[in-house]
Number of protein chains: 2
Amino acid sequence: MFIDPWGAVLVEDYRKIIECFGLKPFTDEHLKLLPEPNRLMRRRVVFCHRDLEVILDAIRNGRPFYALTGIVPSAEKIHFGNKMVVENMAYFQRYADRVYMLVADIEAATVRGISLEESRRRALEFHIPAYIALGLDPRKVTFYFQSENKSVMRLAHLLSAKVTLSELRAIYGELTPGKMVAALMDAGDILYPQLEEPTPGIIPVGIDQDPHIRLARDLAKRFRREYGFIPPSSIYHRYTPSLDGRLKMSKSEPGSYIEIPEPPESVREKIWDAFTGGRPTAREQRELGGRPEVCVVFELFKQHLIEDDRELDRIYDACKSGEIICGDCKTLATELMTKFMEEFQEKLERARDVIPSLSFTTG
Amino acid sequence: MFIDPWGAVLVEDYRKIIECFGLKPFTDEHLKLLPEPNRLMRRRVVFCHRDLEVILDAIRNGRPFYALTGIVPSAEKIHFGNKMVVENMAYFQRYADRVYMLVADIEAATVRGISLEESRRRALEFHIPAYIALGLDPRKVTFYFQSENKSVMRLAHLLSAKVTLSELRAIYGELTPGKMVAALMDAGDILYPQLEEPTPGIIPVGIDQDPHIRLARDLAKRFRREYGFIPPSSIYHRYTPSLDGRLKMSKSEPGSYIEIPEPPESVREKIWDAFTGGRPTAREQRELGGRPEVCVVFELFKQHLIEDDRELDRIYDACKSGEIICGDCKTLATELMTKFMEEFQEKLERARDVIPSLSFTTG
């Protein structure tokens, strides 16, 4: 069983993934130990991890650790998976002593055929300001482009010494030299903050990015003697489901998901076409109640649109009891999503003003 | 049929190699067009090439081209193959507008397990001064370490986008990720001088390094649109034969070859044990004459020890006629080789004084 970090996989069973790849479930215990857990943690959208205990320990004892995320600027927009990553980054940046956001322009070139110049343009105009708009603190974050960071490029090259082709295939399936280089660069990115001084690190990702985490952790162990690396920790969020009710949003079917940003008319249209837990008729639904547990609109409330847990509970109960029906939820979801998009756009503009003052580290 | 640039291959038949890998023989025509050809060219120790015409043309018309060589600082000494490379570099540096010598410290790390620090130490203490002692002009040469050259590291990564694993295997045979990275770094080195402005380039190598040339040329063509690369040219010298008469010196049998440097007693001993074209008895040899065409000692004269063509002819004739016998040649070879080693040591010391004033480009 492979996870393809470069494709849109349909992940049918989170439990199977946890077992198959040696992940650990995110439990009540973790939640208790996290100070002021965010919405994604409280609602178990964050569902598994690797070595999260190491980070909990660092937070509790005020010891240094880093948080890191990256973006492949292949699309002109981002999606709600990126938003979840940034929300988790925003959580950890409160406690981490170092925070990194990298632009994977080499990966974009070797896997997606996007030139370095094009990656730079997209990242500066959109991806970096978008991440700031969603919660990354530019005063705390070290930004870099892979292609400008000598230490990362060097580390990626050197890491190749202790991995075999079979091991890479066991993690990624078949892969081209371009993907192999991208994988080594990703491992380089993840371990780069430890070159100066080995410390724990947390990488919040979607489950599709776990191959990179596994490779980085394997390599951290193999290069422990040379660099003293500590295998980095990771947490994983569930997918934001496709609007047609499938588990993961698919980039190949644009109607099936909402992007960031997205104009109001399009938001409305997509939400009104979304798969819900409704009954064949309004009357049946009033009688039997809806099924929020399979409803994409409820999932949007839970993952993204409703911050207050009690409010979410009220909607759940009102749906179950037939007090509200799908039209009510779609109206509310459209309203909240439109508001989110407006606020995002405002924050994006403000974040763009910050870009010229950013410095990008060259390693 | 594969050539393994990381191993000691026994190349039985130069003609077969020329045919198999699409090399072109080095002919009388080339020799005529090269101004003041060096000993290796005159004596056809240089025996084949790729696109040498492009360089001949640049020389004749005073157009810019570069010459490039590199060293993997895996051994503490060098061999006579390195000496031939440097002699050809010294030839082309007279006409080239840019000359490069790189230290393949990333390759040493990924393929040989030598740390960057150790590579740096060896290169500064020995390999770079040795190359200067043998004829590289430090005032003309741009030196760099792979691990310090951002442009080369970046280019190596990017080149991975347009090569498949099957193509790499067709050139190198089976290869580990570490060797793949080394191969891409080598292609990056070879094409790096063209990043600023595409110009022809000449890479003098031993035939065992041809895989790197082939890969670099293939990639040059594939990235022509992006970078305007001109496929680099190359020339190839024959191996200095093993002292036991086999075609290539083998690193795994230290008694079978003379290193640079090597102490006088050891030089004497090895030359006196060398395979020659002599007859079973001195009397037979006086009568029948020797066979310089299969004699390792004569090959040493031809490739390395006797600069004057007429003197070499005299020895050939005197051997063929039985006028001199193997003891005479071994005495002369020992004397010349010892003198070479002494002079090398002096030049090496002087070259070491130059090292602190060198600057290494970071790309």
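Me: Which residues of helix α15 of chain B are buried?
Reply: In this predicted model, a residue is counted as buried if 20 or more other C-beta atoms lie within 10 Å of its own. In helix α15 (residues 296–305) of chain B, 9 of the 10 residues are buried, so the helix is largely enclosed by the rest of the structure. The buried residues of α15(B) are B:Val296, B:Val297, B:Phe298, B:Glu299, B:Leu300, B:Phe301, B:Lys302, B:Gln303 and B:His304.

Me: Against which helices do the buried residues of α15(B) pack?
Reply: Helix α15 of chain B covers residues 296–305. Its buried residues pack against four elements of chain B, namely α5 (80–92), α13 (264–272), α16 (309–320) and α17 (326–354).

Me: Is B:Gly173 buried, partly exposed or exposed?
Reply: B:Gly173 is found in the loop of chain B between α9 (165–172) and α10 (177–191). A residue with 20 or more neighbours would be buried and one with 12 or fewer exposed. Because B:Gly173 has 14 C-beta neighbours inside 10 Å, B:Gly173 counts as partly exposed.

Me: Which strands of the chain B sheet stand at the edges?
Reply: The open sheet of chain B has 7 strands with mixed pairing, in the order β1-β2-β7-β6-β3-β4-β5. A strand at the edge has a single partner strand, so one side of it is left without a neighbour in the sheet; the strands concerned in chain B are β1 (24–25) and β5 (141–145).

Me: In which sense do β3 and β4 of chain B pair?
Reply: Strands of a sheet pair through backbone hydrogen bonds, either parallel or antiparallel. In chain B, B:Tyr66 stands opposite B:Arg98 of β4(B). Strand β3 (residues 66–71) and strand β4 (residues 98–103) of chain B are joined over 6 bridges, and their sense is parallel.

Me: Which residues point each way from strand β6 of chain A?
Reply: In a regular strand the side chains alternate between the two faces of the sheet. Strand β6 (residues 201–206) of chain A has 6 of its 6 residues buried, so it is largely enclosed by the rest of the structure. One way point A:Gly201, A:Ile203 and A:Val205, and the other way A:Ile202, A:Pro204 and A:Gly206.

Me: How many bridges join β6(A) to strand β7 of chain A?
Reply: On β3 (residues 66–71) of chain A, β6(A) has a parallel partner joined by 2 bridges, with A:Gly201 as the bridge partner of A:Tyr66. Strand β7 (residues 233–237) of chain A also runs parallel to β6(A), and there A:Val205 stands opposite A:Tyr236. The number of bridges between β6(A) and β7(A) is 5.

Me: How do the residues of the side of chain A that touches chain B divide into nonpolar, polar and charged?
Reply: The contact takes 22 residues from chain A and 22 residues from chain B. Helices α6 (105–112), α8 (150–159), α9 (165–172) and α10 (177–191) of chain A each supply at least two residues of the side of chain A that touches chain B. The residues of that side divide into 12 nonpolar, 8 polar and 2 charged.

Key:
Residues numbered from 1 in each chain as written. Chains lettered and ligands numbered in written order. Predicted model: local features only at pLDDT ≥ 70, side-chain atom pairs only at ≥ 80, totals over all residues. Contact = placed C-beta atoms within 7 Å. Nonpolar A, V, L, I, M, F, W, Y, C, P; charged D, E, K, R; others polar. Pairing = 2+ DSSP bridges.
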